[in-house]
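Subject: Structure handover

Hello,

Here is the structure I promised to pass on. Please have it open while you read, and my notes follow below.

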Amino acid sequence: MNLLARNLVLSFETSCDETSVAVIENGNQILSNIVATQIKSHQRFGGVVPEVASRHHIEQITSCIEDALTEADVTYDDLSAVAVTYGPGLVGALLIGVAAAKAVAWAHQLPLVPVNHLAGHIYAARLVEPIEFPAMALVVSGGHTELVYMPEENRFQIIGETRDDAAGEAYDKIGRVLGINYPAGKPVDELAHQGKDTFNFPRAMDSDENFDFSFSGLKSAFINTVHHADQLNESLSKEDLAASFQQAVVDVLSDKTVRALREFPVKQLILAGGVAANKGLRDRLTSDLAAFPQTKLELVPLSLCGDNAAMIGAAGEMLYRHGERADATLNADPGLEFDWLKDEIK
């Protein structure tokens, strides 16, 4: 087998509470994808504690590298490049991945490719099928809710984003009120399918002409409803509360996406990010996309919706081909946006 004929990328993802290292071939084939989760360590705090996350990354990163290379059956000499998430995310957590990637790149004289975490979520779709351009992505996670238009490869235009809480963040916050441990997304989704939308929570900005989102008011309405019932010693159905909350989230996400598709016709719509695993949202977009026969809906597989290094490798290989490089001065950028890739939509 001629390894030199392949682009083999060793990729790192440590933006939050998952330590992950992967080896990706040609940007579309997973040779290994090692993920060391920290969920149990953070559950007792009700959310991610940055210092705890950073310490776990330090403990896990070396073994993750070894496991990724072993599972892929490659050595450092076989690699074409090293890719790493450098933002957005928790600064301490990001620094561990960046430091490890820089060390590997320097020690083995490999190109270092910096990757935007959100580009990674989008390019996870590439691990299933080629991305057809122009394309659009709805990225929904614990820290991000954004509509991204991509006229061609390596061009990203944010056309809509959350003004406050991200959808996943809102799920975790109302989950606490329902007595659900972090992360609350999946349990709330499961509860929602057992209840009905009886509370008619607000759909903030749903009728606005822009493509931005807002979930803070929905979160507050949910919490106020529960607290008011508690004061009156009334019992509310958790299933109906979850169903009402989720319906409000799904309505806004889908309505805005459909409106964006009418203004920006694309060949492919990608649903990505941790909340992309939500069954209610996947079902709704599948139904709504029937009105857009020219647009194919690409649902990122459940195994790749959460943070993982495979998606960073998929994006990293694309950036590597486009000549994106970093040197030893690369630093974590917790507030990184797509500004560095922006230009005018034409």
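**Notes on the model**

Asparagine 200 is exposed, with a relative accessible area of 61% (exposed means over 50%, buried under 20% and partly exposed in between, using a 1.4 Å probe and protein chains only). Asparagine 200 sits in the loop between H6 and helix H7 (216–231), and its phi is positive, about 50°, although it is not a glycine. Helices (H or I, at least four residues) and strands (E, at least two) are DSSP runs, numbered from the N terminus.

Before going further, a word on the basis: this is a predicted model, in which local features need pLDDT of at least 70 and side-chain atom pairs count only at pLDDT 80 or more, while totals for chains, interfaces and linings use all residues. Residues are numbered from 1 along each chain as its sequence is written, and side-chain values use heavy atoms, with hydrogens and water left out.

The protein chain averages a pLDDT of 92, and 94% of the residues score at least 70; pLDDT is the predictor's confidence in each residue, from 0 to 100. Over residues 340–346 the pLDDT is below 50, though this stretch has 16 contacts in the model beyond near neighbours in sequence (contact means heavy atoms within 4.5 Å). Where pLDDT is low, the predicted coordinates should not be read in detail.

Glutamine 109 belongs to the loop between helix H3 (91–107) and strand E5 (112–116) and is exposed, at a relative accessible area of 74%. There are cis peptide bonds too: one runs from phenylalanine 133 to proline 134, with omega near 0°, and another joins tyrosine 182 and proline 183, with omega about -10°. Proline 134 is in the loop between H4 and E6, and proline 183 in the loop between H5 and H6. Most residues other than glycine have a negative phi, and most peptide bonds are trans.

Tyr182 and Pro183 turn up again at the largest pocket: along with Gly142, Gly274 and Gly306, they lie nearest its centre, among 44 lining residues. On a 1 Å grid over the protein atoms alone, a pocket is an open set of points where a 1.4 Å probe fits, with protein on both sides within 12 Å along at least five of seven lines; lining residues have an atom within 4 Å of a point. Its volume is about 1400 Å³, taken as the space filled by probe spheres set on the points, which are joined across faces, edges and corners. H5 gives the most to this lining, with six residues.

Now the strands, where two count as paired if DSSP finds at least two bridges between them. E7 (residues 145–150) has six of its six residues buried. Thr145, Leu147 and Tyr149 point one way from E7, and Glu146, Val148 and Met150 the other way. On one side, E6 (residues 135–140) runs antiparallel to E7 with six bridges, and methionine 136 has tyrosine 149 as its bridge partner. E7 also pairs with E8 (residues 157–161) in the antiparallel sense over four bridges, where valine 148 is partnered by isoleucine 158.

E2 (residues 18–25) and E3 pair in the antiparallel sense over eight bridges, forming a hairpin with three residues between them. Glutamine 29, in E3, is partly exposed at 39% relative accessible area.

Best wishes
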